[in-house]
Amino acid sequence: MKYIFETEHLRIRKFEIEDAKCLYENHLEEEVKRWIPNESYVDIEETQGAIKFYIECVNGKHLPYVLAVELKETGELIGDTGVNEVGGNSNEVEIGYTICKKYSGNGYATELLKAMTEFITRAFEINILYGRVMRGNNASVRVLEKNGYEFVKEEFEAEDDPYDNGMLIYKKEC
């Protein structure tokens with residue numbers, strides 16, 4: 001298997017169709033549905049379609065650029081990460097990630113965000129990255145802050161905030 005990059009505990013790679021069941025189940029977790037409700041898949045078939053799209057984007061080296069995250073120790077798919085352009089501006093991206101609950105609290109999200117930030121700025125020559133976090137998701141706020149992202153504003157009535165809690169916008173310039 002070819003890995004795009006690795007960290008101390010993680011291997012980041014292109015998705016494979018065989019990942020569909022695990023990706024689908026990871027996105028059904030209550031924490032994922034609570035903090036990023038628009039990231040759940042309807043069924044395995046929709047998940048497979050999404051994976052095919054992710055593979056095409058990675059093969060074409062264009063955004064959105066979404067990757068699988070596996071634990072080095074076991075090879076298990078424990079999350080995903082990706083970036084997409086902000087408002088049609090290809091020099092600014094929004095970065096995101098998920099780590100399934102079973103593996104949260106181990107520092108993997110912080111490790112992943114650091115490595116993904118470095119990879120994206122190099123591979124795509126991106127200068128500005130944003131992290132958007134639903135108000136109340138304190139764990140993700142800490143992950144962003146540990147990686148040098150700084151709070152810039154709060155946004156209300158966002159499409160990806162169905163609870164209208166407010167989205168906290170963080171920014172990192174590289």
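Predicted model: local features only at pLDDT ≥ 70, side-chain atom pairs only at ≥ 80, totals over all residues.
**Ground rules.** In this model, local features need pLDDT of at least 70, side-chain atom pairs count only at pLDDT 80 or more, and totals for chains, interfaces and linings use all residues. Residues are numbered from 1 along each chain as its sequence is written, and side-chain values use heavy atoms, with hydrogens and water left out.

**Cores.** I looked up the largest nonpolar core and found 35 residues. A core here is a set of buried Ala, Val, Leu, Ile, Met, Phe, Trp, Tyr and Cys residues joined through side-chain atoms within 4.5 Å. Buried means under 20% relative accessible area (1.4 Å probe, protein chains only). Among the residues with the most contacts inside this core are L10, Y65, I99 and I120. Elements giving it two or more residues include β4 (77-86), β5 (89-99) and α4 (108-123). I took helices (H or I, at least four residues) and strands (E, at least two) as DSSP runs, numbered from the N terminus. α4 gives the most, with 8 residues. Apart from this core lies another, of 12 residues, with L23 and L77 among them.

**I99.** I checked its contacts (heavy atoms within 4.5 Å). Leaving out residues up to four places away in sequence, I99 touches V69, I78, G79, S104, Y108, A109 and L112.

**α4 and α5.** I then turned to this pair. Their axes (lines fitted to C-alpha atoms over the stretch in contact) lie 9 Å apart, at an angle of about 45 degrees. A109, T110 and L113 in α4 meet V143, L144 and K146 in α5.

Note on methods
Buried < 20%, exposed > 50% of the residue type's maximum accessible area, 1.4 Å probe, protein only. Axes fitted to C-alpha atoms, helices over the stretch in contact; angles between N-to-C directions.
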